[in-house]
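Student: I would like to learn how to read a few local features of a model, one at a time. Could you take me through them with the general idea before each case?

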Amino acid sequence: SEEDEARERELLDVLMEKRVDGLIIAPAGGNVAYLEALGRDGPPMVFVDRAMPSVAADTVTVDNVSASQSAVRHLIDRGHTR
């Protein structure tokens with residue numbers, strides 16, 4: 001959807017018409033009323049990259065700061081200097 005909420009809604013409508021068993025969504029954010037309704041009445045959903053606390057769905061996110069620190073520490077521990 002390229003961060004376009006209207007496009008995201010259109011794509012989700014198409015998927016709902018096809019009666020999918022579940023959705024994995026990287027939500028565009030902003031107004032999530034349509035996702036709240038989908039969470040109540042639609043198939044199971046999992047969000048990736050962003051949490052939507054008002055929507056009944058599981059979320060998978062990454063802690064970029066901690067991951068970056070861990071990667072740099074790993075490289076330094078192995079003698080890399082650049």
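Student: Where do E10 and R7 lie relative to each other in helix α1?

Tutor: An α-helix has 3.6 residues a turn, so residues three or four places apart point the same way. Here E10 and R7 are 3 residues apart in helix α1, and are therefore separated by about one helical turn; helices (H or I, at least four residues) and strands (E, at least two) are DSSP runs, numbered from the N terminus. E10 forms a salt bridge with R7, with 3.2 Å between the closest N and O atoms, the term meaning a side-chain nitrogen of Lys or Arg within 4 Å of a carboxyl oxygen of Asp or Glu. E10 is partly exposed at 44% relative accessibility, and R7 is partly exposed as well, at 39%; buried means under 20% relative accessible area, exposed over 50%, and partly exposed in between (1.4 Å probe, protein chains only).

Student: What should I keep in mind about the source of these values?

Tutor: This is a predicted model, in which local features need pLDDT of at least 70 and side-chain atom pairs count only at pLDDT 80 or more, whereas totals for chains, interfaces and linings use all residues. Residues are numbered from 1 along each chain as its sequence is written, and side-chain values use heavy atoms, with hydrogens and water left out.

Student: How many salt bridges does a search of the whole structure find, and which side chain of opposite charge is nearest to E8?

Tutor: The search of the whole structure finds 1 salt bridge. E8, which also lies in helix α1 (residues 5-17), is buried yet has no salt bridge, the nearest side chain of opposite charge being R50, 6.5 Å away; for charge, Lys and Arg count as positive and Asp and Glu as negative, while His and the chain ends are not counted. Leaving out residues up to four places away in sequence, E8 touches S1, I25, A26, P27, A28, Y34 and L35, where contact means heavy atoms within 4.5 Å.

Student: Is P27 buried or exposed, and what does P27 touch?

Tutor: P27 is buried, with a relative accessible area of 0%, and is found in the loop between β1 (23-25) and α2 (33-41). Apart from residues up to four places away in sequence, P27 touches E8, L35, F47, V48, R50 and M52.

Student: Which residues make up the largest nonpolar core?

Tutor: In soluble globular proteins, nonpolar side chains tend to be buried together. The largest nonpolar core here has 11 residues in all: L12, L23, I25, V32, Y34, L35, L38, M45, F47, M52 and V55. Such a core is a set of buried Ala, Val, Leu, Ile, Met, Phe, Trp, Tyr and Cys residues joined through side-chain atoms within 4.5 Å. The elements giving two or more residues to this core are β1, α2 and β2 (45-48), and the largest share, 3 residues, comes from α2.

Student: Which residues have a positive phi although they are not glycines?

Tutor: R19, with a phi of about 60 degrees, is placed in the loop between α1 and β1 and counts as exposed at 72% relative accessibility. D49, with a phi of about 80 degrees, is found in the loop between β2 and β3 (58-60) and is likewise exposed, at 55%.
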